[in-house]
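Hi everyone, thanks for coming. I'd like to walk you through a single protein chain today, so please have a look at the sequence and the structure as they come up.

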Amino acid sequence: MSSTKGQVIRCKAAVAWEAGKPLVIEEVEVAPPQENEVRIKILFTSLCHTDVYFWEAKGQTPMFPRIYGHEAGGIVESVGPGVTDLAPGDKVLPVFTGECRECRHCKSEESNMCDLLRINTDRGVMLADGKSRFTIDGNPIYHFLGTSTFSEYTVCHVGSVAKINPDAPLDKVCVLSCGISTGLGATLNVAKPKKGHSVAIFGLGAVGLAAAEGARLSGASKIIGVDLNTSRFEQAKKFGCTDFVNPKDHDKPVQQVIAEMTGGGVDRSVECTGSVQAMISAFECVHDGWGVAVLVGVPNKDDAFKTHPVNFLNERTLKGTFFGNYKPRTDLPSVVEKYMNKELEVEKFITHSVPFSEINKAFEIMLRGEGLRCIIRMED
């Protein structure tokens with residue numbers, strides 16, 4: 001692959017020309033990596049709700065034409081000046097956030113919110129020079145989340161690239177670079193349930209099921225899945241859920257229902273919906289004295305919620321998390337190892353697979369609310 005080092009690569013990419021319109025497979029030019037950048041040959045990518053949300057241009061600055069995609073696995077093709085910890089041939093996961101290893105956040109053991117590379121949905125260019133590495137006939141195509149994995153080749157900042165076990169199957173572990181690690185880490189790294197604890201999971205999409213998987217790995221004895229869609233309950237059993245509550249089935253607040261089920265409240269709860277009402281319920285359903293609630297879901301920008309301060313004074317704890325508190329370069333390789341050691345069952349999350357030429361089918365599947373993750377095979 002290094003024979004292309006320093007050269008522009010022409011390859012196929014799925015370009016979004018306008019909001020909500022099918023992606024178009026185009027031939028794009030991908031420039032060589034600049035300082036602290038890496039060019040990656042993408043082998044497998046998957047579709048996440050965040051891609052769909054920004055493709056639909058809901059509630060943020062529309063930026064087109066753009067190459068979406070941020071859950072993926074690939075091989076390093078070449079590296080730019082200043083890159084010392086990656087080399088051509090390395091197996092990697094590009095990540096929508098990053099770890100520069102220089103800022104206060106990166107140097108803190110408590111944070112993964114890198115000042116330089118934390119998620120920025122409005123930036124469509126590279127940090128090094130403020131330009132895009134993608135062009136069509138010399139005209140720039142915007143990047144997305146610093147990853148743009150719906151392209152056979154992409155360029156990322158080195159701080160947003162996690163080097164992983166060379167034996168890891170990319171068609172499986174590619175899904176660990178966003179939603180699944182977010183849910184898993186929310187439970188393992190932030191809620192930290194102990195063996196025998198009870199845990200409530202609000203929202204049983206991919207992130208919520210990953211949070212349930214974290215509770216299962218922790219040895220929780222009771223895992224309560226909370227969702228307005230009863231059809232999700234059967235699938236959630238595979239991820240360790242033992243009990244289910246649909247708030248629509250009750251004429252009292254769901255936090256009260258859960259308190260009655262658990263003798264006063266669950267030990268831990270993880271909220272994965274972004275609904276303010278679910279956030280209140282997730283906090284108020286934990287047991288006084290030791291209960292911990294963790295917020296994962298992203299609310300609407302004008303949202304606010306209220307709860308009585310006595311809930312805090314009675315020793316309930318409310319926490320938030322970003323990307324499951326994982327530092328991308330430092331911690332993501334260990335999540336891959338959980339899969340390699342057969343602790344974490346990634347296959348359960350992969351419900352569909354399509355060739356790159358049919359990438360729009362993946363969008364259709366997600367818009368219909370079917371399945372969890374659809375793998376897009378770049379070579380078929």
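Buried here means under 20% relative accessible area, exposed means over 50%, and partly exposed is in between, with a 1.4 Å probe and protein chains only.

Before going on, a word on where this comes from. This is a predicted model, in which local features need pLDDT of at least 70 and side-chain atom pairs count only at pLDDT 80 or more, while totals for chains, interfaces and linings use all residues. Residues are numbered from 1 along each chain as its sequence is written, and side-chain values use heavy atoms, with hydrogens and water left out.

Back to R133. Its side chain meets that of D129 in a salt bridge, at 3.0 Å from N to O. By salt bridge I mean a side-chain nitrogen of Lys or Arg within 4 Å of a carboxyl oxygen of Asp or Glu.

How many salt bridges does a search of the whole structure find? The search gives 23. One of them joins D115 to R118, with the closest N and O atoms 3.7 Å apart; R118 is partly exposed, with a relative accessible area of 30%. In another, the side chains of K252 and E260 meet at 3.0 Å, N to O, and K252 counts as partly exposed at 32% relative accessibility. There is also a network of salt bridges linking D85, E99, R101 and R329.

Now let's zoom out. The chain has 11 helices and 17 strands. These are DSSP runs numbered from the N terminus: helices are H or I with at least four residues, and strands are E with at least two. The radius of gyration is 21 Å, close to the 21 Å that the globule rule gives for 380 residues, so the chain is as compact as a globular protein of that length. That radius is taken over C-alpha atoms, and the rule is 2.2 Å times the number of residues to the power 0.38. Along the principal axes, the C-alpha atoms fill a box of roughly 65 × 40 × 40 Å.

What share of the 380 residues is buried? Buried residues make up 55% of them. As for contacts, meaning heavy atoms within 4.5 Å, residues 24 or more positions apart account for 70% of those with a separation of 6 or more.

Next, the inside. In soluble globular proteins, nonpolar side chains tend to be buried together. I'll call such a group a nonpolar core: a set of buried Ala, Val, Leu, Ile, Met, Phe, Trp, Tyr and Cys residues joined through side-chain atoms within 4.5 Å. The largest one here has 98 residues, and F150 and V173 touch the most other members. Helix α5, residues 206-217, gives the most to this core, with 6 residues. A second, separate core has 15 residues, among them V245, I258, V286 and A293. If you click on V173, leaving out residues up to four places away in sequence, you'll find that V173 touches L93, I164, A168, V336 and Y339.

Most residues other than glycine have a negative phi, and most peptide bonds are trans. Where is the cis peptide bond I'd like you to find? It joins F64 and P65, with omega at about -5°, and P65 is in the loop between α1 (49-55) and β4 (71-79).

Then compare two residues that are not glycines but have a positive phi: S148 at about 45° and K342 at about 65°. S148 lies in the loop between β7 (139-141) and β8 (153-157), and counts as buried at 0% relative accessibility. K342 is in the loop between α10 (328-340) and β16 (350-355), and counts as exposed at 72%.

One last stop is D303, in the loop between β14 (292-295) and α9 (310-313). D303 is partly exposed, with a relative accessible area of 34%. Leaving aside neighbours within four places in sequence, D303 is in contact with G274 and V276.
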